[in-house]
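Visitor: I would like to learn how to read a protein structure. Where do we begin?

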Amino acid sequence: MMNKLKIASLGFVFILALQACKQKPAPYSDTISEGSAKFAADESFEPIVDEENYIFKALDPKAQPQIIYKPENDVVRLLLQDSVRVAIMSRELDSDEIKVLKTKNLIPSVSRFAIDGVAVIVNKASNDTTITVAAIKKMLNGEAKSAMNIVFDNPNSSLVRYLKTLSGVTDFKLKNIFALKSNKEVIKYVSIHPDAIGFTGFNWLDDPDKDYADAVNNIKIVGVKDEDNKKYATGYYKPSQETLSLGQYPLKRNLYIINCTGRQGLGTGFEMFLNSDRGQRIVLSSGLLPSVMPGREIEIKKK
């Protein structure tokens, strides 16, 4: 009788344990093509990232990436704090940042999916149509006397970091150089100020939304020459897929997706999509340069 009671008790405990296991939530709720996950993206690339995300969700309706757009400094901070595990930005992580992630057992997978040009823009009424890289550097570090106001997006952006690296300046303190809040504001400001010169990502100019399309129509892109480019030292070039591909346009930056999930989740699914033929075709249609040029299928019919 006692043995039967023991067996019954053990059986009851086993059933309770089995039910507890069933009720225990899975460690992750997302897969490559389903679920929700937070990503952080540099707000400088909102147009292309939004377009990629729209098609990604259309192809996999159960996939719902929640993309947080922030300045580059904030994107990196969110990643290092483990608030997000996927980031989209225009630079790779440095050695110190990688060390921080490794202390949290987060190993980043980094892949480039596009190349963007940094466009130099002026008002349509301006007589300026060309500029050299050397002249841009002098303007930014105060060596060139200019009455023009130089504008770019917010101080924590990837564009500001890019311009500081280009000019060798640690901080822009000149009175005629100032930051606004966004790329849209830069475009709108230049569109109504003939004495302004602005810097913005080319991805904001190729296919603008209605809320700033009129401003884009009232600015023009300046041709840029890099006299240190041995192959193309004499020509002025504007950003385009051709000039970026040939190495003619000097002001360019890579777009990376940094995936620290370390598993086959939604972050990996989005990373794979960006680098897929479909994802690269979206980059191509946006006016940016794909990391890998999509192939063209040609059907030959025999008569």
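Guide: We begin with surface: accessible areas come from the Shrake-Rupley method with a 1.4 Å probe, and for residues only the protein chains shown count as cover. For the protein chain here, the accessible surface comes to about 16,700 Å², and 53% of it belongs to carbon and sulfur atoms. This is a predicted model, where local features need pLDDT of at least 70, side-chain atom pairs count only at pLDDT 80 or more, and totals for chains, interfaces and linings use all residues. Residues are numbered from 1 along each chain as its sequence is written, and side-chain values use heavy atoms, with hydrogens and water left out.

Visitor: What percentage of the residues in the protein chain is buried?

Guide: A residue is buried under 20% relative accessible area, exposed over 50% and partly exposed in between (1.4 Å probe, protein chains only). Of the 303 residues in the protein chain, 45% are buried.

Visitor: How many helices and strands does the protein chain have?

Guide: Helices (H or I, at least four residues) and strands (E, at least two) are DSSP runs, numbered from the N terminus. This chain has eleven helices and twelve strands.

Visitor: At what angle do helix H3 and helix H4 pack?

Guide: Axes are lines fitted to C-alpha atoms, for helices over the stretch in contact, and angles run from 0 to 180 degrees between N-to-C directions. Helix H3 (residues 72-80) and helix H4 (residues 95-103) pack at about 30 degrees, with axes 10 Å apart. H3 is therefore roughly parallel to H4, a label for angles under 35 degrees.

Visitor: Which residues of H3 and H4 meet?

Guide: Contact means heavy atoms within 4.5 Å. Val76, Leu79 and Leu80 in H3 meet Glu97, Val100 and Leu101 in H4.

Visitor: How many aromatic pairs are there?

Guide: Rings of Phe, Tyr and Trp (its six-membered ring) pair if their centres lie within 6.5 Å; planes under 30 degrees apart count as stacked, over 60 as edge-to-face and the rest as tilted. The count by this rule is seven aromatic pairs. Phenylalanine 56 is in helix H2 (residues 46-59) and phenylalanine 273 in helix H10 (residues 266-274), so the pair ties together parts 217 residues apart in sequence.

Visitor: Are these two phenylalanines buried or exposed?

Guide: Phenylalanine 56 is buried, at 3% relative accessible area, and phenylalanine 273 is buried at 8%. Ring pairs also link Phe39, Phe56, Phe270 and Phe273 into a cluster.

Note on methods: Parallel < 35°, antiparallel > 145°, perpendicular 65-115°, else oblique.
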